[in-house]
Amino acid sequence: SVRIPIMNGPMAGAAGGDLAAAVCRGGGLGFIAAGHARSVELIDKQVSIFREKTADISPKPPLCLGFITYSSYPDGQMRKVLEKHRPEIVQFCAPSVMAHDGEGNGPSNVEVARRLGAKYIFAQVGNLQDAKDAFAAGCDVILTQGREAGGHGLRSEVGAGTLPLAAAVLRLRETSAHKPLVLAAGGICDGRGLAAMLTLGCDGAVMGTRLYVTKESMGPEANKAALVKADIDDVIRTPVFDMLQNTWLDTPWPRLFATVGALHNGTSRRWHDDLKELQKNLKEEAAAYKAGLADPAIGAVLSGEGVGEIRAVEEAAAVLARVEREAAEVLRASQRLLA
């Protein structure tokens, strides 16, 4: 049922049943964010929306759920969701592969998902070692998320860029008996980006920011408007927002992943180059930050570096149709160069 080799990133707070269904209708692979899986009821609602809005599609699109592993697996929340909904496809990130207790003991998240009926496991990786772990675990699809991506990912000092990471994972696949599909992620917002990754040898791409800025996305309208106005120079990868929100979250992000690609706003400009001072005043600054979360000038507006290619809030189907057309045009032009 997938015509265009694009999946939406399972973005927490944005990728619900409406977006996943719209991506499927547009010819891509639609994912629902299960995230930390703190609210099983919310996931239930989004799965119901997805099933209702794809009931007339033939062949039936698979149910795809994306989990944040460090928080959803050890306490059993992931298992509860998998047992209830039995998704055909499951995606894991932060990290992609994890033993039950985080210390190498007990079955991995990948093993448990398999036992509970997942036919395909997608692993989001941020560097080559992550990819090697996902290969060893037998994951079916590797998502190579580069530093250019919006949202959470590996800290810049241990992560890699989208293109070199994808190239390294493709090289790894060449020498491995295991042959997973490879999808590039990070900074891809149009058909040119998709064509570039296909030319590199990838099997497709992940779109996060571009599909966040759609009518079906659950993201706040103020954030969508800010993203439409932004360009590449407005994006930063920073630990500032996580330092602040980790003070109150019941699932604080581990240091390795406590960094986000986001619009560079008043909060990040104030603290990005003065993290020691922020740490000294963290309690007071976190309280002020929490109070202003809804304001894009204060709260984190997650964004990849391809944001400058976004011109408007559109329906997901229109975005995918244009991506398909642009990619085809670029690939045809490339073929002419070789004629």
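Is arginine 86 buried, exposed or partly exposed, and what is its relative accessibility? At 43% relative accessibility, arginine 86 counts as partly exposed (buried means under 20% relative accessible area, exposed over 50%, partly exposed in between, with a 1.4 Å probe and protein chains only). Arginine 86 lies in the loop between helix 4 and strand 4. Its phi is positive, about 50 degrees, although arginine 86 is not a glycine.

The model is predicted: local features need pLDDT of at least 70, side-chain atom pairs count only at pLDDT 80 or more, and totals for chains, interfaces and linings use all residues. Residues are numbered from 1 along each chain as its sequence is written, and side-chain values use heavy atoms, with hydrogens and water left out. Helices (H or I, at least four residues) and strands (E, at least two) are DSSP runs, numbered from the N terminus.

Alanine 37 also has a positive phi, near 60 degrees. Alanine 37 sits in the loop between strand 2 (32-35) and helix 2. At 2% relative accessibility, alanine 37 counts as buried.

Two peptide bonds are cis. The bond from serine 58 to proline 59 has omega near 0 degrees. Proline 59 lies in the loop between helix 2 and strand 3 (64-68). The bond from alanine 94 to proline 95 is cis, with omega near -5 degrees. Proline 95 falls in the loop between strand 4 (89-93) and helix 5 (109-115).

Glutamine 145 belongs to strand 6 (residues 141-145). At 10% relative accessibility, glutamine 145 counts as buried. Its side chain reaches the backbone oxygen of histidine 152 at 3.3 Å.

Terms used. Polar contact = N/O pair within 3.5 Å; in protein donor to acceptor, adjacent residues only side chain to side chain.
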